[in-house]
Amino acid sequence: MLGILPAGAVELELSKTPNTAEQSAMQATGKLFFGQQLFQGNFKNTQQYRYNPDYLINVGDIISVKIWGAFDYVGDLPVDKQGNIFIPKVGVVHLLGVPNRDIKAKIEEAVRKVFKDNVYVYADVKQYQPISVFVSGAVKSVGLYSGMSTDSVLQFLDKAGGILPGQGSFRHIQILRDHRVVKRIDLYQFLVSGNVDLFQFRNGDVILVPPLKFYIQVDGEVTRPYYFELVGRRSTVRDVMRYILPKVTANRFVITTWKGSRQITREYPLSQADRVRVRNGMILDFLGSHYAQTLRIKIQGEHSGPQEIVVPNGTSLYDVLRKIHYTPRSDIRDIRLYRQSVAQAQKQMINTMLDDLQAKVFTVSPSTPEEAQIRSEEAKLVMQFIDAARKVQPKGQVILGPKDNLKHVVLEEGDTIYIPKRSNVVIVQGRVSIPSALNYKPGYTVDDYIKACGGFAERANEDYVLVVKASGRVLRYEPGSHRKGSVNPGDSILVLSSVGTKNLMLAKDITQIIYQIAVATAAILRI
């Protein structure tokens with residue numbers, strides 16, 4: 001049965017290109033923007049015939065009129081282009097611009113000029129004027145959309161496919177009429193409290209969704225862990241809390257920001273939420289000092305049970321594996337464990353190495369003008385490499401060995417257990433002529449598989465050939481006889497790139513970073 005490495009012997013993971021289920025288990029999923037799921041087609045197919053006492057009667061509206069008593073009449077009368085309706089035996093009644101609440105009184109006034117007594121009137125708007133509204137800005141489909149003058153901004157935005165996540169503002173929507181802003185709308189009010197302002201659209205109005213300007217990332221002990229848009233350049237933590245709903249266990253918060261490439265983290269008690277401000281790009285993380293009684297554990301891959309379970313705090317990996325319903329294709333020898341804290345440690349290690357590399361780039365002193373020009377060009381390439389490397393997301397795999405005791409592996413909140421399928425394939429990737437997935441051949445060595453893929457490609461680093469065992473353990477094979485080790489089904493072979501710089505000090509550091517990124521993320525960064 002599987003186990004875990006002793007303390008201090010944590011190894012990083014590199015594997016073949018993952019399938020969809022494996023990706024969800026290994027890679028950090030991006031957070032949604034608050035309100036992103038609002039526009040799913042639930043508004044666009046409805047028309048809203050609601051009573052709005054402030055609605056101003058417009059050309060094209062249909063007025064239902066009922067008169068009884070000394071004179072009987074029933075009719076649905078359109079408001080003509082002059083803003084009038086015509087009632088037989090009564091005459092013309094001007095209604096253009098009259099508030100909805102006053103149309104009955106307006107018609108009664110006209111009727112009593114003809115019939116003095118015993119005449120009663122009922123009037124209502126039966127059908128509002130159909131209009132067309134332009135929807136523009138950061139929406140999925142800019143265009144002209146038909147609707148009713150009483151429809152809400154939600155219906156028109158939904159017809160345009162909704163606001164583009166991460167690109168459009170939910171809080172600064174504008175309605176323009178004759179090139180002037182006549183209404184500003186903050187959809188967060190609807191998302192939080194259900195309030196949506198009644199607004200009377202006119203034909204040719206424009207709904208403009210401006211670009212998103214200011215937002216922060218919120219995580220931790222909150223009900224809504226999303227990206228949140230800020231109203232302005234700065235807001236207090238208390239302003240944000242009304243939207244994110246911190247859990248009762250939260251008693252402090254941490255703000256993470258960046259100064260250049262340097263990460264700065266500050267912690268505050270919750271009592272300072274009114275005084276501490278957040279600004280664009282910050283990470284706001286709410287923490288609690290409570291003791292969790294249960295843990296949520298994800299189970300991915302080849303099994304027939306639930307995708308997520310809740311277990312008591314202190315449960316071991318051995319206890320959970322006994323409860324999993326395996327299938328005939330489950331490879332229980334190479335079960336993998338992914339842990340968020342390990343991924344964070346891998347990320348921190350890579351960032352530290354990148355910080356050191358960046359410092360060295362700007363401290364190298366050239367001896368001649370020609371060398372200075374070369375160093376300048378190299379520095380640009382190295383900085384591009386550093387920027388790309390900072391974006392990688394380690395997987396956080398904890399390597400499980402065949403002789404380790406799984407009863408001693410205590411699970412943590414958010415751990416993911418991945419059950420791979422049995423495989424008879426060996427993946428060869430990286431700097432080989434034809435990266436391929438090859439059928440396993442008994443007795444084949446690392447060199448044999450590389451030759452089967454056309455041999456080493458240009459700029460291959462033959463000193464850095466990695467073999468990733470199906471369990472995630474990473475082995476480095478040296479040139480020559482050391483590369484005669486056996487390869488098993490499900491293993492991966494990765495040939496790393498050589499570094500194109502004449503600066504030996506930088507070349508060594510870059511090679512080491514490429515190696516760490518490769519084993520932590522299965523990504524190949526080239527410079």
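Mentor: Helices and strands here are DSSP runs, numbered from the N terminus. One of them, strand E13, covers residues 234–236 and includes Ser235. Keep in mind that this is a predicted model.

Trainee: Is Ser235 buried or exposed?

Mentor: Buried means under 20% relative accessible area. Ser235 has 8%, so Ser235 counts as buried. Leaving aside residues up to four places away in sequence, Ser235 touches Leu230, Val276, Arg277 and Val278.

Trainee: Which residues touch the most other members of the largest nonpolar core?

Mentor: The general idea first: in soluble globular proteins, nonpolar side chains tend to be buried together. Here the largest nonpolar core has 46 residues, and Leu157, Leu187, Ile207, Val237 and Phe286 touch the most other members. Helix H5 (residues 237–244) supplies the largest share of this core, five residues. Apart from this core lies another, of 26 residues, including Phe71 and Val119.

Trainee: How far apart are the end C-alpha atoms of helix H7?

Mentor: They are 31 Å apart; at 1.5 Å a residue, the 22 residues of H7 (residues 340–361) should span 32 Å, so the two values agree. Buried residues in H7 include Val342, Gln346, Ile350 and Leu354.

Trainee: Which element has the lowest mean pLDDT, and which the highest?

Mentor: Helix H1 (residues 20–26) has the lowest, at 36, and strand E10 (residues 206–209) the highest, at 95. Over residues 1–29 the pLDDT is below 50, although the model gives this stretch 94 contacts beyond near neighbours in sequence. Where pLDDT is low, the predicted coordinates should not be read in detail.

Conventions:
Residues are numbered from 1 along each chain as its sequence is written. This is a predicted model: local features need pLDDT of at least 70, side-chain atom pairs count only at pLDDT 80 or more; totals for chains, interfaces and linings use all residues. Side-chain values use heavy atoms; hydrogens and water are left out. Helices (H or I, at least four residues) and strands (E, at least two) are DSSP runs, numbered from the N terminus. Buried means under 20% relative accessible area, exposed over 50%, partly exposed in between (1.4 Å probe, protein chains only). Contact means heavy atoms within 4.5 Å. A nonpolar core is a set of buried Ala, Val, Leu, Ile, Met, Phe, Trp, Tyr and Cys residues joined through side-chain atoms within 4.5 Å. The expected span of a helix is 1.5 Å times one less than its number of residues. pLDDT is the predictor's confidence in each residue, from 0 to 100.
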